[in-house]
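Please walk through this structure with the account below, which begins with its aromatic rings and moves on to the sheet, the helices and a few backbone details.

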Amino acid sequence: TVSNLPSIRDCPEDKIVQKLNQIAQPFGGKVLNIYGSNGSAIVKFSSAENAKAFKSKYLHYKIQDRSINIHFYPKRGKSPFSKNRRKSFSESPRPEQKIRTRAMCESGQKGQTSSEDFHNPRQLS
């Protein structure tokens, strides 16, 4: 990822892409995407060694009087700058269900809930 690129208001996007491709091409690099909203671009290289060589030569290289930053993420896939952030929703463990104890009625059959369930009645406010 190349960041700290000039604003597309200061320099047309196609000129930024052209310049990045020009300096990355000798290292087997090519601009895949440019993100004008945050001033970054994704540049893919043919190998990790080429990406490292590009970074060592062009770190702080100036485009429109802005020193570019180069972030190298080997074997990660896409850069964190290009990912859409999604809110994760974790699921809380469900509370254990209370096992209700049934009282035996006089006939020996299970009947109503025992009084244990009603020792701490809720107070309404």
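Rings of Phe, Tyr and Trp (its six-membered ring) are taken to pair if their centres lie within 6.5 Å, and a pair counts as stacked when the planes are under 30 degrees apart, as edge-to-face when they are over 60 degrees apart and as tilted for the rest. With this rule, Phe 27, Phe 45, Phe 54, Tyr 58 and Tyr 61 form one aromatic cluster. The model is a predicted one, in which local features need pLDDT of at least 70 and side-chain atom pairs count only at pLDDT 80 or more, whereas totals for chains, interfaces and linings use all residues. Residues are numbered from 1 along each chain as its sequence is written, and side-chain values use heavy atoms, with hydrogens and water left out.

The count by the ring rule comes to five aromatic pairs. One of them joins Phe 45 and Phe 54, whose ring centres are 4.9 Å apart and whose planes stand at 40°, so the pair is tilted. Tyr 58 and Tyr 61 form an edge-to-face pair, with 5.1 Å from centre to centre and 85° between the planes. Phe 54 is buried at 1% relative accessibility, Tyr 58 is buried at 12% and Phe 45 is buried at 16%, while Tyr 61 is partly exposed at 25%.

The next topic is the sheet. Helices (H or I, at least four residues) and strands (E, at least two) are DSSP runs numbered from the N terminus, and two strands pair if DSSP finds at least two bridges between them. Four strands form an open sheet with antiparallel pairing, in the order E2-E3-E1-E6. Strand E2 (29–35) and strand E6 (69–70) are at its edges, each with a single partner strand, so one side of each is left without a neighbour in the sheet. E2 and E3 are paired in the antiparallel sense over six bridges, and Asn 33 stands opposite Ile 42 in E3. Strand E1 (residues 2–3) and strand E3 (residues 40–45) are also antiparallel, and they pair over two bridges, with Ser 40 in E3 as the bridge partner of Ser 3.

How enclosed is E3 by the rest of the structure? Five of its six residues are buried, so E3 is largely enclosed. Ser 40, which belongs to strand E3, is buried at 1% relative accessibility. A polar contact here is a pair of N or O atoms within 3.5 Å; within protein, one must be able to donate a hydrogen and the other to accept it, and residues adjacent in sequence count only if both atoms are side-chain atoms. The side chains of Ser 40 and Asn 38 are joined by a polar contact of 2.7 Å. In strand E2, where Tyr 35 has its place, the side chain of Tyr 35 makes a polar contact of 3.4 Å with the side chain of Asn 33.

Helix H2 (residues 48–58) has Ala 51, Phe 54 and Tyr 58 as its buried residues. Seen down the axis of H2, these fall within an arc of 60°, so they line one face of the helix; the arc is that of the directions from the helix axis to the C-beta atoms. The buried residues of H2 pack against E1, H1, E3 and E6, where contact means heavy atoms within 4.5 Å. On the other side of H2, Glu 49, Lys 52, Ser 56 and Lys 57 are exposed.

Some backbone angles complete the picture. Most residues other than glycine have a negative phi, and most peptide bonds are trans. His 60, in the loop between H2 and strand E4 (62–63), has a positive phi of about 70° although it is not a glycine, and it is partly exposed at 47% relative accessibility. Asn 4 likewise has a positive phi, near 65°; its place is in the loop between E1 and H1, and it is partly exposed at 28%. In the hairpin of E2 and E3, with four residues between the strands, Gly 39 takes a positive phi near 65°.

Notes: Buried < 20%, exposed > 50% of the residue type's maximum accessible area, 1.4 Å probe, protein only.
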